[in-house]
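Biologist: I'd like to go through this structure with you, one question at a time. Shall we start?

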Amino acid sequence: MADTLTPARGAGPSGGTAGDGGENADGTRPAGRAVPGTGSARGDAPTADDRATNFFRTVAGTRTSVASRLVTGVNRSLALVLLAGVWEVLPRTGAVDPVFVPPLSEVLLAWYDLLLDGRLAEHFQASLTRSFSGFGLAIVLAIPLGLAIGWYRPVADFLSPVLELFRNTSAVALLPVFILIFGLGETSKIVFVFYACAWPILLNTVSGVRTVEPLLVKSARSMGLGPVRLFQKVILPAAVPTVFTGIRLAGAYSILVLIFAEMVGAKAGLGYLIQDSQFSFRIPDMYAGIITISALGLLFNLLLLGVERRFSTWRTT
Amino acid sequence: MSAHGRAGRRGTGAGRGAVEQGASAVPGHGAPAARPAKIGIRDVGKTFRVRGSDRPFTAVDGIDLDVREGEFLTLVGPSGCGKSTLLDLVAGLTAPTRGEILIDGRAVDGPGLDRGIVFQQYALFPWRTALANIEFGLEAKAVPRKERRERARHYLDLVGLDGFGQRYPHELSGGMRQRVAIARSLAFDPDVLLMDEPFAALDAQTRESLQEELLRIWEKTGKTVVFITHGIDEAIYLGQRVAVMTSRPGRIKRVIDVAFDSREGDLRADPRFGEYRHHIWTLLRDEVAVAQEQERTIG
């Protein structure tokens, strides 16, 4: 399996020049870049993701002086400021219906009210708990499974057909099944998030183990390393960056798919807030919920990037 | 450079006898000395199964070669003649289909820390610093942490990279990476150093300085070195003996003793250097033609 998954590795041991520290560039990537959908969309995601990362890093890496960094910073926030301006002006001039798209200032006020009366915190917490549970579960189960599949041929041969089948079954399609089996409560939502998160982690882990530079394995073997030490000292560290690509994708999924689950059947959570606001025609609240989710996704991605960097400072790209 | 009379270059006495024979070509393996050779390759052949073909692929066949203790032997041959296969066999990474390989008279049955390999593509672990890379083999040897660090520093110093210990491989130039790789192979103190075109990926200047450096290190450490190259000049410059291989299936065509009266100055300008060069070139020319023909027909 995992043939369709292009390994999202760096340039390997021989690539790259001295570290030009193309840091911080990734934070600007939209949280919702990868759509949780069919298997093939998931499979392709890491490649596109990585390409974008490299592009941004290259751009950032070529600019070193403080002045140009400042220019870049202004440039980036400029787009956001423009977006905010358009959002504010268009409803006010009547170009779009202010009932369906209220001006940004009204949305922010509604957000502030939600924050003050504690409802936002309540929904936020409900969503976060579900996301983290499913995401954490996926990490704990999918990484060891991925390592086993990547390392032991028989395990891969045994599990491949089943995994291939489920990989191409959309998580959304399975939500009714999860609800039937686990009920409308927390369990079905956590399982749903877990299911969606497990795939990118699993597939990237498998590919991380499979695509370890053969020369490194050969070199380690020539120094007399047995299979266990080889796995511990070469395969695992070499696979870390690819595994993290999967973790980062899963982090985005964990929030994206949860919202869907909360719209189908929930009494709390940001997805519920959005859906409920729309049903009861509290349109500014609805937008407040959407903004919160975007911010949450962004923050989560930044956090994971930070962790990733700590674990793979040696990466060339 | 000084003190480079080939015979008197090193203190260890083993196997210097045959060196001073000038350009006489010795067919087959060099005459065995009284004590057993450091590396003994006895009628070794290796065939591979090829996917989608019934015919097995014979990489090397009927190889006989002795490498004396402390000797620097270079191995040249046309591309695809099985040089690297032969090195893998000596390293114990693959097993011969027939024949046997002896180290100190004992048959090789797998990789071991008595042999160190240096690859063309460095094969450094990108997640480890230069020092940690050098320590790798010492970890495999279960050397205590403190001693590991000390020895790694010593060898880093030996290859002239003092002060670069905390750099990651991607922060080093190609030449520096290869120095680290050489230090890593020396650090666990193998008797034999197997080098597979280690300088082929480097630019000419870096290559020359590393060649000199390697000779210096070899003199200092007294290792037995088997050095694969496709450069005739490199083979003559480095080797006490040059083994010329045939095209596939690779055999040893001729082993040539290389001896210079003095290595003062520019060795490559020595008229005898040109003689060796021409001799080896003639030996290789026909083999290269055959090898190219093979590549065309097999595709």
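Biologist: Which residues form one aromatic cluster together with A:Phe178?
Modeller: Keep in mind that this is a predicted model. A search of the whole structure turns up 15 aromatic pairs over all chains. As for the cluster around A:Phe178, the other members are A:Phe182, A:Phe192, A:Tyr195, A:Trp199 and A:Phe260.

Biologist: Are the rings of A:Phe178 and A:Phe192 stacked or edge-to-face?
Modeller: The two ring centres are 6.5 Å apart, and the planes meet at 65 degrees. Planes over 60 degrees apart count as edge-to-face. So with that angle, the pair is edge-to-face.

Biologist: Where in chain A do the two partners of that pair sit?
Modeller: They're 14 residues apart, and the pair links distant parts of the chain. Both A:Phe178 and A:Phe192 are buried. A:Phe178 belongs to helix α6, while A:Phe192 belongs to helix α7 (residues 186–210).

Biologist: Is A:Ala171 buried or exposed?
Modeller: A:Ala171 is found in helix α6 of chain A. Its C-alpha atom is 10.0 Å from that of A:Val191, 20 residues away along the chain. Buried means under 20% relative accessible area. A:Ala171 has 4%, so it counts as buried.

Biologist: And A:Ile181, is that one buried or exposed?
Modeller: A:Ile181 lies in helix α6 too, which covers residues 171–182. Together with A:Val177, A:Leu180 and A:Phe182, A:Ile181 makes a nonpolar surface patch of about 420 Å². The cut-off for exposed is over 50%. At 58% relative accessible area, A:Ile181 is exposed.

Biologist: How many helices does chain A have?
Modeller: Read along the sequence, the pattern is α-α-α-α-α-α-α-α-α-α-α. There are zero strands in chain A. Of its 317 residues, 45% count as buried. The helix count is eleven.

Biologist: How many disulfides does the structure have over all chains?
Modeller: A disulfide is a covalent bond between the sulfur atoms of two cysteines. There are cysteines here, including A:Cys197, buried at 0% relative accessible area, and B:Cys81, buried at 1%. Still, the number of disulfides found over all chains is zero.

Biologist: Over to chain B. Which residue forms a salt bridge with B:Lys38?
Modeller: The structure holds 31 salt bridges over all chains. In this one, the closest N and O atoms are 2.9 Å apart. The partners are 66 residues apart, with B:Lys38 in the loop between β1 and β2 and its partner in the loop between β5 and β6. B:Lys38 is buried at 4% relative accessible area, and its partner is B:Asp104.

Biologist: Is B:Glu139 buried or exposed?
Modeller: B:Glu139 forms a salt bridge with B:Arg128, at 2.9 Å between the closest N and O atoms. B:Arg128 is in the loop between β7 and α2, and B:Glu139 is in helix α2 itself. B:Arg128 has 11% relative accessibility and counts as buried. B:Glu139 also comes in at 11%, so it too counts as buried.

Biologist: Last one: the charged end of B:Arg268 sits over the ring of which residue?
Modeller: For a charge to sit over a ring, CZ of Arg has to be within 6 Å of the ring centre. Here the charged end is 4.2 Å from the centre, and the ring is that of B:Tyr237.

Terms used
Residues are numbered from 1 along each chain as its sequence is written. Chains are lettered from A and ligands numbered from 1 in the order in which they are written. This is a predicted model: local features need pLDDT of at least 70, side-chain atom pairs count only at pLDDT 80 or more; totals for chains, interfaces and linings use all residues. Side-chain values use heavy atoms; hydrogens and water are left out. Patches are made of residues with over 30% relative accessible area and no salt bridge: like charges are joined within 9 Å, nonpolar side chains (Val, Leu, Ile, Met, Phe, Trp, Tyr) within 5 Å. Accessible areas come from the Shrake-Rupley method with a 1.4 Å probe; for residues, only the protein chains shown count as cover. A salt bridge is a side-chain nitrogen of Lys or Arg within 4 Å of a carboxyl oxygen of Asp or Glu. Helices (H or I, at least four residues) and strands (E, at least two) are DSSP runs, numbered from the N terminus. Buried means under 20% relative accessible area, exposed over 50%, partly exposed in between (1.4 Å probe, protein chains only). A disulfide is a pair of cysteine sulfur atoms within 2.5 Å. Rings of Phe, Tyr and Trp (its six-membered ring) pair if their centres lie within 6.5 Å; planes under 30 degrees apart count as stacked, over 60 as edge-to-face and the rest as tilted. A charge sits over a ring if NZ of Lys or CZ of Arg is within 6 Å of the ring centre and within 35 degrees of the ring normal.
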